[in-house]
Every structure is written in structure tokens, then in C-alpha cells.
Amino acid sequence: MIRLYDTLTREKREFRPQDPKRITMYVCGPTVYGRAHIGNARPPVVFDTLARLIRHEFGENSLFYARNVTDVDDKIIASAEAEGVDPSVITERYERFYLEDMAALKVPPPDIAPHATREIGPMIALIERLIGLGHAYEAEGHVLFSVPSDPGYGVLSRRDREQMIAGARVEVAPYKRDPSDFILWKPSPEGVIGWDSPWGRGRPGWHIECSAMIHEHLGETIDIHGGGLDLIFPHHENEIAQSRCAHAGAPLARFWVHNGFVDMGAEKMSKSLGNIITPAELLAEGHRGETLRLALLSAHYRQPLPWTGALVAQAKTILDRLYRVADESEAGEIDGELVDALLDDLNTPAALARLQALDDPAVLKSSAQLLGLLQSSSADWFQGDADSSGIAARIADRAEAKKNRDFIKADRIRDELKAEGIILEDGPDGTTWRRE
């Protein structure tokens with residue numbers, strides 16, 4: 001039985017889906033105005049791994065997995081204006097890049113990827129319902145959710161009122177009845193993307209899109225809602241309030257699952273801080289997508305993950321060894337101890353430790369694939385390295401020189417490779433390499 005840590009209850013609980021034949025999971029996806037950084041890649045990798053586990057436990061067709069695309073947003077509008085193009089040019093470009101980057105990390109597309117610009121009708125309908133029930137109001141072309149109308153507001157983040165107002169970075173506006181009220185719909189001036197609505201031409205606020213998409217495609221209450229820790233408040237808190245108030249108190253999700261941050265020092269990785277590195281940059285440096293995936297899975301998903309060159313190098317070394325052991329064997333049975341580790345709140349560090357202890361090539365390959373690893377053949381994995389500059393052949397020459405006790409030649413090959421930015425690492429299973 002899968003056990004997951006639920007942010008709402010602050011405890012690890014047994015995951016018992018409403019319908020084992022149609023398990024529903026929704027994960028907040030990208031806002032497509034710029035290139036995703038490696039921290040943005042952690043949720044897709046984590047929840048893809050969870051999706052693989054669910055399908056292993058309940059059946060290949062048991063899960064309906066949705067990940068949205070926010071393709072209308074102030075940052076998108078600003079980027080389009082800066083380039084003098086339609087917002088769709090920006091969103092289509094960066095969604096394409098995002099999907100390419102995720103594919104490189106062995107993350108397949110979700111079952112459905114609803115786009116905000118294609119879900120305006122359901123959003124308007126949900127806003128109208130909230131107004132009719134007294135949970136939202138119109139003011140100066142805006143529609144706002146009335147936070148005081150929801151006695152349960154704050155249940156997810158467990159903040160007091162002052163903390164919530166501060167945490168939401170509340171915009172001071174004369175049309176708000178309460179400082180904590182948040183926007184469901186806002187007017188679009190002439191020349192800015194917008195849609196006709198009962199409150200005039202405008203566009204949706206960010207929070208309403210997820211509630212509307214979930215109701216439209218998955219139902220009133222889903223099994224799992226996922227995303228990064230930074231979404232707990234205000235985004236997920238606001239989603240809960242909107243959906244619960246619109247649907248007679250029905251919970252939006254039975255489990256709330258949040259992954260920790262990736263950082264490059266003391267602070268989380270963030271585009272606004274400028275302390276980022278993208279999958280595209282890492283791939284251009286010669287790193288494999290599977291290497292980046294393993295690195296992202298090396299820490300427990302709820303814990304912070306410091307991103308370093310040493311982390312990536314270690315992931316490459318581990319994969320080199322796994323590909324050697326697996327060689328060209330066919331997949332076999334999945335190791336039970338590895339599965340048990342994943343069943344315990346997706347404990348990927350324990351699963352990876354078990355993976356490295358396996359010596360049966362068939363079991364190793366099938367078990368690794370449950371983690372989204374060993375997706376290539378061993379020949380392709382090592383051939384790709386050799387093609388980069390004949391590295392594998394030179395490593396073999398060095399090994400032969402050492403065997404013949406020609407240490408001068410062996411050292412020369414090592415030094416030549418080091419000068420090219422290639423670091424060799426000798427171990428009991430042979431020599432692996434990494435880029436500086």
C-alpha cells in the first residue's frame with residue numbers, strides 16, 4: 001500500500017483512491033514565459049515517478065494525470081510586449097522548450113494538459129457560481145473572492161490572518177472589501193489579451209484556473225493535488241477555498257503532496273533572483289537527461305536539494321555502473337525491496353541505494369525503469385559518450401597502458417583528457433568520466 005505525506009493533515013497516510021480504476025492526480029504546471037530552470041523540473045520528475053508507482057500498484061490504465069499550462073499571465077504579456085509579438089508566440093515557444101526539456105529528463109506528457117486560454121468558459125462559470133453563493137463580488141470591473149466568507153480559509157497553510165495577508169503580498173486596492181480578498185477576474189485594457197465576460201472584457205486571475213480545470217476534467221474531488229512547496233500559500237490555499245465554497249464544502253483533493261526546493265546555495269533557485277541553471281544549459285554542457293533525473297531523485301522529494309557539480313558527477317558515475325551491470329539484458333521482475341522504499345512516501349534515496357545493490361541485470365533494468373532510469377540501451381549510453389570525442393577509446397587505451405605498466409602513457413592520457421575538461425575516476429568497477 002502506498003503511503004504519502006499529506007500537507008493538509010501533516011501526516012503520512014495510506015493512499016486509498018476513491019476509485020482504483022480511475023485515480024485522479026493534478027499537478028500545477030509551467031507558466032510559459034521563459035525557459036524552465038532545473039528547480040522547475042523537480043515537480044515533473046517527482047510526480048512522474050509517483051505516477052509510475054501508482055500504475056505499477058493499481059494497473060497501467062488506473063491513473064488519469066493532468067498537468068496544466070498557464071498561458072495567460074502578466075509576465076507573458078510583458079514578454080510579448082517587449083518583443084512586439086502576440087502572447088501566443090511567447091507561450092508556444094516556451095511550452096515547446098518545456099516539453100523538450102522534460103522529454104530529455106524522461107518525463108512523458110501527462111494524460112491531459114489543459115491550457116488556461118482554452119478554459120475561459122469553465123472559469124467564468126465557476127466565478128458566476130461563487131458570486132451567486134455570496135463568496136465573490138464584482139468591483140470596478142474586477143471580481144474578487146471574499147476570504148471572510150469562508151470560515152475554513154487557511155486550513156492548508158495554517159497561518160494566522162496577519163501572516164496570510166503578508167504572505168500573499170496583498171495589493172492595496174480601494175475596490176477590495178477586505179485586504180485578504182483575491183482576484184478571480186480583472187479587466188484587460190485595449191490592446192491586451194482578454195475575453196468577454198459578464199463583468200466586461202478581461203482575463204482570469206491565476207488561482208481560478210486550476211479550480212476550474214480540475215472540476216471540468218477530473219471532478220469535484222480528486223485523489224492527489226501536487227506542486228512545489230512555494231504553492232501552498234497563497235495558490236493552493238485559494239484553490240481550496242474557491243472549490244470548497246463552490247461545491248457545497250466538498251474537498252478539492254484528498255491528498256496534498258508538495259516537493260521541496262532545489263537551491264544553489266542558501267536560497268531557493270528562482271528566476272527573479274537570477275540564481276538558476278536550466279536543463280537546456282546542462283544538456284548543452286554534455287550531461288544526459290537521465291543523469292539530471294537521477295540527480296533530482298537523489299534526495300527525498302520533501303527535502304531541499306542543493307544543486308552542485310558534484311551531485312551531477314555522482315549521478316553520472318552511478319548510471320555508468322548501472323548501465324554496465326544491466327548491459328543488454330531484457331527487463332525482468334521488479335525488486336520488492338525497491339518497491340517497498342517507494343511505497344513509503346516515495347523514498348527515492350532508499351530506492352536508489354537498493355538499485356545500486358542489485359546484481360541481477362534483468363531485475364536491475366526493470367527496477368530502474370520504475371524510477372524512469374535505464375531508458376537507453378547500454379550500447380547507446382556508452383556509444384554517445386564515445387562519439388563526443390573518442391573518450392571511451394582513450395580510456396581503453398589508458399587501461400591497456402596501465403595493464404602493461406606503461407604508467408607514463410597512462411598518466412599522459414589522463415592529463416590530456418583533463419586539459420579537455422574530462423575528469424577520470426577509477427573505481428572497483430572500472431573507470432568512469434565526467435566533465436568539469
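Is Lys 106 buried, partly exposed or exposed? Lys 106 turns out to be partly exposed, with a relative accessible area of 27% (buried means under 20%, exposed over 50%, and partly exposed in between, using a 1.4 Å probe and protein chains only). The structure is a predicted model, in which local features need pLDDT of at least 70 and side-chain atom pairs count only at pLDDT 80 or more, while totals for chains, interfaces and linings use all residues. Residues are numbered from 1 along each chain as its sequence is written, and side-chain values use heavy atoms, with hydrogens and water left out.

Back to Lys 106, which sits in the loop between helix H3 (87-104) and helix H4 (120-132). Helices (H or I, at least four residues) and strands (E, at least two) are DSSP runs, numbered from the N terminus. Lys 106 has a positive phi of about 65 degrees, although it is not a glycine. Most residues other than glycine have a negative phi, and most peptide bonds are trans. Arg 405 also has a positive phi, of about 60 degrees, and is not a glycine either. Its place is the loop between helix H15 (391-403) and helix H16 (407-419), and Arg 405 is exposed, at 64% relative accessible area. Then there is a cis peptide bond between Phe 233 and Pro 234, with omega at about 5 degrees. Pro 234 belongs to helix H7 (residues 232-246).

Next comes the sheet. Four strands form an open sheet in the order S4-S3-S9-S10, with parallel pairing (two strands pair if DSSP finds at least two bridges between them). Strand S4 (63-67) and strand S10 (253-259) are the edge strands, each pairing on one side only. From one strand to the next, the twist averages 20 degrees. Strand S9 (residues 222-228) is joined to S10 by 6 bridges, and the two run parallel; Gly 228 stands opposite Asn 259 in S10. Helix H1 (residues 42-58) lies across strand S3 (23-27), S4, S9 and S10, and runs at about 170 degrees to S4. Axes are lines fitted to C-alpha atoms, for helices over the stretch in contact, and angles run from 0 to 180 degrees between N-to-C directions.

Helices also pack against each other. Helix H11 (residues 336-343) and helix H12 (residues 348-357) meet at an angle of about 170 degrees, their axes 8 Å apart. That makes H11 roughly antiparallel to H12 (angles over 145 degrees count as roughly antiparallel, under 35 as roughly parallel, 65 to 115 as roughly perpendicular and the rest as oblique). Glu 337, Leu 338, Ala 341 and Leu 342 of H11 make the contact with Thr 348, Ala 350, Ala 351, Arg 354 and Leu 355 of H12, where contact means heavy atoms within 4.5 Å.

Finally, Phe 182 is found in strand S7 (residues 182-187) and counts as buried, at 7% relative accessibility. Leaving aside neighbours within four places in sequence, its contacts include Val 143, Phe 145, Tyr 153, His 207 and Gln 242.
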